[in-house]
Amino acid sequence: MQIAEPLAVAIEELSKLPSIGKKTAQRLALFILKMDDDRVDNLLKSIKELKTKLKSCSRCNNLSEDELCEVCKSTKRDKSIICVVEEASDVIAIEKTHEFSGLYHVLGGVLSPLTGITPDSLKIKELLKRFEKENIKEVILALNPDTEGETTSLYLAKLIKPLNMKVTRIARGLPVGGDLEFADEATIGRAMINRLSI
Amino acid sequence: MILASIKLKNFRIHENVELKFAGNLNYIVGGNGQGKTSILESIYYLCTTKSLDAKTDSEVVRFGKEKFEIRGEFIGLTEDEVRVIYDKIEMKKFYLLNEKQLRKSSDVIGRFPVVMLTPADHAVTQGLPGQRRKFVDSVISQASNIYLENLLDYNRTLKQRSSLLGKMREYRSTEMMNEFDAWTEKLIETGTELIERRIKFIDEFSLYVSESYYRIMNKKEQPSIGYFYLNGFKNLKVKEHFTKLLKEKKEDEFRRAANLVGPHKDDFIFTINDVNLKTYGSQGQHKTFQAVLRFAEFFYLKDITSKTPLFLLDDVFGELDAARAHKISDYLKEVGQAFVTLTDFGNFSFLKKDRDDYLIKLNGGKVVYA
Ligand SMILES: [Zn+2]
């Protein structure tokens, strides 16, 4: 079957998005084709601005519009506790629970020799620097409870312990192997409250 | 719980076939190439998401077709419909329970427990240690999700750790040593849990093995299973010993860039009256022991999970002497629902078909209930 070139390209590009198969991509492309020009422009603009207006917070590596993210800027947060997470999406998941009022630190991944992710490729040095500059008393390791996440927690715990800070990790209430991002809010909330000392 | 029916589409030789099953014994009879074994294989898929011996899912798809589908109807306290679909082109497998997709194997395994005795079981008593670990792991995994999760976690840790060891062969920085220590700690954490669970399992399972052995052999012989772990260590301080061995082998591990200590090196030793089966057993003793292990697995899972496993027996009567075969056939009357493949029912005079049992004949794609 012959498909007009622009349509074929659009389907191809859309199907590169996560959880979008060929069929869904085709449906989306045909839907966009029928949309008003204004709406298409708004969609394009919002996608473009995602890339141009958002950057990483210079302190915690969370997504941010400015130099510092909303959490780091806030005066209402407890600045003596840092919660270490893998990705910015985990910050969103934990914020939704309203169970945590401290600061974050986004590592940008977890250790994985198989895929070549070393301590250097993560924001670990930046985290250690924060311990020197800021007055941190407790660190919560909230990495995903899978093989790599747990090993990264063990690695961090070894580095942090000699610095005389309280180190805890979130309770194993989360579905094993389940991503923080996909766990429901109540579960994450419970896991934050019942954290364990390492 | 029983499997009431299955429907197969493009599954091995079966283009489109539907079978109804009895709640007790189902004898599936047919000549070579009629697809008896693939009926059992499809049932195994429904219970575990995978084949017992096929290396890939695509080899199971009927020649020239793109995907297979297995549909099974389980009836117990609830009625459940399971569908397993494999798409060869997209290389994707779907497991649907009542039309809801289950994504993790640990969500499936143990839900409908299954035990299968096949000629390939010779590897369990006669093959390499890995085959015995596979046997033990598959039994405990069906009894405990936590064990299965822990096993997957451990295997993933092994892969990551050996990848890191490979990198450290060329160059070792302090940072890498710290990372190595973290992976080692993870290895000890998950590995210790595995070993402790296996110790407990062998302890419990041994009773079931003895019981099944007496039923099939009717002799005053004592079978037993020994568990060999951490270089033959026998002490309950597993973690301490594991840690110590890893320290001792550290340089070796760096040199060979391989994981040298842990439950992935374990073995299980079967004996009869303290004589090692693997080394001294006769062919007949091996066959008997393989059947004993599967009956033991059946009754163990039944007690632990409070569900009656499906029992699949592939072509086992041809290889046993008449006395053993007779005993096993009697024993089968106690298991609940079983599926037994045979080339010809008439050849086995000791087999009894009760009124409620099914005799299902497969011939050239046709199904006849005799
Ligand atoms: Zn920030």
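L313(B) stands opposite V340(B) in β13(B). The model discussed here is predicted. In chain B, strand β12 (residues 310–314) and strand β13 (residues 338–342) run parallel and are joined by 4 bridges.

These two strands belong to an open sheet of 6 strands in chain B, ordered β8-β12-β13-β3-β14-β15, with mixed pairing. At its edges are β8 (114–117) and β15 (366–369) of chain B, each of which pairs on one side only. Ignoring direction, neighbouring strands of the sheet are turned by 20° against each other on average. In general, the strands of a sheet pair through backbone hydrogen bonds, in either a parallel or an antiparallel manner.

Two helices of chain B can be followed next. Helix α1 (residues 36–48) packs on the sheet and touches β3 (25–29), β8, β12, β13 and β14 (358–363) of chain B. The direction of helix α1 makes about 150° with that of β12(B). Helix α9 (residues 283–305) of chain B also packs on the sheet, touching β8 and β12 of chain B. Its direction makes about 175° with that of β8(B).

Another strand to look at is β10 (residues 267–272) of chain B, where T271(B) is found. T271(B) has 18 C-beta neighbours inside 10 Å and therefore counts as partly exposed, since a buried residue needs 20 or more and an exposed one has 12 or fewer. Setting aside neighbours within four places in sequence, T271(B) contacts S224(B), G226(B), N276(B) and L277(B). Of these contacts, S224(B) lies 47 residues from T271(B) in sequence, yet their C-alpha atoms are 5.3 Å apart in space.

Notes
Residues numbered from 1 in each chain as written. Chains lettered and ligands numbered in written order. Predicted model: local features only at pLDDT ≥ 70, side-chain atom pairs only at ≥ 80, totals over all residues. Contact = placed C-beta atoms within 7 Å. Pairing = 2+ DSSP bridges. Axes fitted to C-alpha atoms, helices over the stretch in contact; angles between N-to-C directions.
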